[in-house]
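This report is meant for a reader who is meeting the structure for the first time. Please look through the sequence and the model below before reading on.

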Amino acid sequence: MTRPLIAVAALGGTISMTPGGRIEDGVVPRLTAADLLGELSTDLPTDVRAATLAGVSSASMDYATLARCLAWGSEQVADGATGLVVVQGTDTLEETAYFFELAWPHDDVPVVITGAMRNPSLPSADGPANLLASLTTAADPRSRGALVVFDDDVHAARWVRKSHSSHLEAFSSTPAGPLGLVAEGSVHYFHPPAPRPPALPPAAVSGLVPLLEAGLEDSGELLSLVLAGGARGVVIAAGGVGHVSTGTADVIATADVPIVIATRTGAGPTFRATYGFHGSESSLIRLGATMAGWLDPRKSRVLLHLLLAGGASRARIEAEFRLRGDLDR
């Protein structure tokens, strides 16, 4: 029986970090893809082809690195790989996962993103187990689209969030829940990954797309500053079901770039037609803002970045957020 071939791209992060010259200096990315795989048993469930494409903390992750990873992964698929595992730091892992959900062009080849909360110098480091579970998931013929495998849970990229700063169970998928889990060397799917909308065409991402959070006594001045500074679009993490202050609503009314409204709550969608006050979701729609639906602010920013990179019109941006953010389409 032919064993599946899984490509592994290492980008850095805690999973690759070891102490420097002095313990007090902390850990830094040092380990390669070969080092990470060497920590696993020689009896892997798959054949593996690995490369170290970067060695950065995920706080410094950028679209150029992700584009290189995407291109390398596609080359491996063309050369026979049946799955891709991307290893990086956890701080921006959910954004990387959604980037691949949007941009990965191979519907029948899963891409699995993973990392670690404990670096290899700590007791009970979780990196090897997460990597092994990711290889297992990438090799399963039922796996599709972009997935995050962490602490034996399998999450859909569309829903997953880093919900704790330091626990091993750092990732959750509120409110949808995990797709499945890995146990005894196999993936147990509770329900299969949902059909994925078409991948967005490749484009070089550039320009400023800030993410602002609404809050108490928000005058709208910060939004005015980023618009004056040349932002190509803005995502606002709004209160509740998509509410901002009257001052911010006044600024949105004058904006000539796309403004996307997501909810800052961590779960639930933005609304469209329940509240009517100035700054409510219905008034923001009348002012030309786009509602993110179920997409959280960070994923909304990734989607807006990629759409702007591809030259999408305002109408196309609205349509894509409806397609990817709403559940009734």
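With which residue does Asp 296 form a salt bridge? The partner is Lys 299, and the closest N and O atoms of the pair are 3.3 Å apart, where a salt bridge is taken as a side-chain nitrogen of Lys or Arg within 4 Å of a carboxyl oxygen of Asp or Glu. Asp 296 is buried, with a relative accessible area of 9%, and Lys 299 is buried as well, at 0%; buried stands for under 20% relative accessible area, exposed for over 50%, and partly exposed for what lies in between (1.4 Å probe, protein chains only).

The model is a predicted one, in which local features need pLDDT of at least 70 and side-chain atom pairs count only at pLDDT 80 or more, while totals for chains, interfaces and linings use all residues. Residues are numbered from 1 along each chain as its sequence is written, and side-chain values use heavy atoms, with hydrogens and water left out.

**Salt bridges**

The structure holds 14 salt bridges, and the table gives some of them.

| Pair | N to O distance |
|---|---|
| Asp 140 and Arg 142 | 2.9 Å |
| Arg 264 and Glu 213 | 3.7 Å |
| Asp 296 and Lys 299 | 3.3 Å |

Arg 264 is partly exposed at 43% relative accessibility, whereas Glu 213 is exposed at 57%. Within the other pair, Asp 140 is buried at 13%, whereas Arg 142 is partly exposed at 44%.

A network of salt bridges links Arg 272, Glu 318, Arg 322 and Asp 326. Asp 326, in the segment after helix H9 (314–325), is buried with a relative accessible area of 11%. Leaving aside neighbours within four places in sequence, Asp 326 is in contact (heavy atoms within 4.5 Å) with Arg 158, Arg 272, Gly 293 and Phe 321.

**Nonpolar cores**

A nonpolar core is a set of buried Ala, Val, Leu, Ile, Met, Phe, Trp, Tyr and Cys residues joined through side-chain atoms within 4.5 Å. The largest has 51 residues, and Leu 84, Phe 99, Phe 100 and Phe 321 have the most contacts inside it. Helix H3 (residues 93–103) gives the most to this core, with 7 residues. Apart from it lies another core, of 26 residues, including Leu 36 and Leu 147.

How values were computed: Helix = DSSP H or I, 4+ residues; strand = E, 2+ residues; numbered from the N terminus.
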